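Subject: Structure for you to look at

Hello,

Here is the structure I promised to pass on. My notes on it follow below.

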Amino acid sequence: MKKSWLLILSVIMAALMVVACSNDDESTSKTGENNTKASTKKDGPFVYVAQQVVGTVDPAKHTDETELISILNTYDPLVYPKIEEGVMDPGPHLATEWTVSEDGKTYTFDLRDDVTFQSGNQFTANDVVYSIERMIAIQQGFSWLWKGVLEPENVKAISDTQVEFTLNNAYAPFVSTLTQLFIVDSELLKENTVDGSYGEFGDYGQAYLENNVAGSGPYKLTEWNRGSHLNFSKNDSYWKGWKDDQLDEVQMKIVTEQATVKTMLNSGDADMIHQWLTVDAYEEFKKAKGIVVEEASSVQLQHIPINMAKAPTDDINVRKAILYAFDYDVANNQILNGATQAVGPVPIAVTGHNDDIQPYKRDIEKAKEYLAKSKYSGDELTVEFMYLADTPSQRQLAQLVQSNLQEIGLKVELNGVPWTTVTESTTTPETTPHMVVISDTLKYPHLDSHTYGIYHPSAHGSYRSSSWYDDAATTKVLESARNSIDPDEQLAFYKEAQALINENAPSIYVANPNHRIAYRDYVDGYTYVGILGYDVGFYYLSLKK
């Protein structure tokens, strides 16, 4: 490929792979493994415990971790992180290779010719065209990645095994974003289309995908009991093939109570559990027989977006008062057990982080000064703080904020809710709370994910953008970053954007926490990837003999 202007992608990926993905690096550690014989798995499917309900299995609509896990295991994306090489940069998958034009606008992908969908239909370039057209038309999920960048008519099937994307302008993270383009079986969906608002495409198969899958992925969805579990069975004809020790049957069980999750893993009723328990829970697992705890430095951002479109947090002085009142030391050292304080929107470990940004520190007097300067000075102010009721660390952060802000005369009403309420509430500025706890993993392997992906107006309407940030200067810089074909200039723009965002105080940047996950000691093949949902690809797991 002739793409010297994409050198920045290689640089970013090289750093991310060291930070987030290498099992040989000091940043990743396992406890609980030893040379003794592994414990024995109970009869039945492999049980993975997830922390929240799955709202959709439609690959044009997914937004969060559990939804992506469901889709990742039943569909194939065009490109896939190089998990088998221990890195997160995008590599061949359904696409075998690609080239890009000198102006950075035209991408041509060569496709595999040996892939069939679970229906038996052959995968071709027409399915790629249909999938991207469908995402852009429905305008949900991760469609914002290509908003203003790609027009559906500019995606062409050159042949059955070649597809061409012509962008409106150069777009730095384009190949990385294609980790979120999951390819649907266009023939199957056309056969199951009902009347809808998309002309000849009807409803684009949305009704069908409310309960069915149209993918080529390694697992078939055999049962979905909403709020309880999803059952998967291996796709015998999966194009990558199978080994004897891989997982045949998997159940993703939704369990929100931490005590129940702990009991399940300790007893062997669960084989692997999610990353969202308290740090103390994983510390307990480290001492338990038959359990492995894997811990790694992460490229995750845990923060508390502040709604900039709703009074009184529409005033920057109120927001800065909140940022200076917050106790970062208590949050990171006590609640998150030694996490690193976040410095701006981009995790510190990501190449391209602006190291010149100064983090906010607790200063009650400065907080009171900013509150006194606000247009709401002298008023009795009350703000709503939303958090996940079933996540202990979020409840603790909510209580910390309530206590901290009480010191400066700001009343905080706590609202513990399920995840579905967070995603539904943050679709409009009016329904978005003043503050909400968000843990934001890289959605695609690029610096752009935590800048443009959160703070450009095109991202509004998602929980990621619940600050409703809208600053003309930042928007201009972010667009310049995406459109630049010079690596140094591109990085400079992304760093400038970080400085502008941090100065405008749209969020309490709490932590870049460590990633932790636990599983029984007979489980093999787990690799921390660092991209939303990609850590839990069941195809890559196996059982020790």
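Pro305 stands opposite Ser507 in S20. The strands behind this are S14 (residues 301-305) and S20 (residues 507-512), which pair in the antiparallel sense over four bridges. Please bear in mind throughout that this is a predicted model.

S14 and S20 belong to an open sheet of four strands. Its order is S15-S20-S14-S19, and the pairing is antiparallel. Which strands form the edges? They are S15 (340-341) and S19 (438-440), each of which pairs on one side only.

S5 (residues 95-100) and S6 (residues 106-111) pair over five bridges, in the antiparallel sense. Thr99 has Thr108 in S6 as its bridge partner. S5 and S6 form a hairpin with five residues between the strands. There, Gly104 takes a positive phi near 75°.

S6 also pairs with S8 (residues 162-166). That pairing is antiparallel too, again over five bridges. Asp110 stands opposite Gln162 in S8.

Now the helices. H6 covers residues 258-267, and its buried residues are Gln258, Val261, Lys262, Met264 and Leu265. Why do they count as one face of the helix? Seen down the axis of H6, they fall within an arc of 165°, so they line one face. Ala259 and Thr263 are exposed, on the face of H6 turned away from the buried side. Just after H6 comes Gly268, with a positive phi of about 90°.

Further along, look at H14 (residues 472-483) and H15 (residues 487-503). These two helices pack with their axes 8 Å apart, at an angle of about 160°. Angles over 145 degrees count as roughly antiparallel, and H14 and H15 are therefore roughly antiparallel to each other. Their crossing is left-handed.

Last, the annotation. UniProt lists residues 90-459 for "domain: Solute-binding protein family", in an unreviewed entry. Over residues 90-459 the chain is 26% helix and 22% strand. The end C-alpha atoms of that stretch are 22 Å apart.

Best wishes

Note on methods: Residues numbered from 1 in each chain as written. Predicted model: local features only at pLDDT ≥ 70, side-chain atom pairs only at ≥ 80, totals over all residues. Heavy atoms only, no water. Buried < 20%, exposed > 50% of the residue type's maximum accessible area, 1.4 Å probe, protein only. Arc of directions from axis to C-beta. Pairing = 2+ DSSP bridges. UniProt positions renumbered as here; feature names shortened; annotations may be inferred. Axes fitted to C-alpha atoms, helices over the stretch in contact; angles between N-to-C directions. Parallel < 35°, antiparallel > 145°, perpendicular 65-115°, else oblique. Left-handed = near helix turned anticlockwise from the far one by under 90°.
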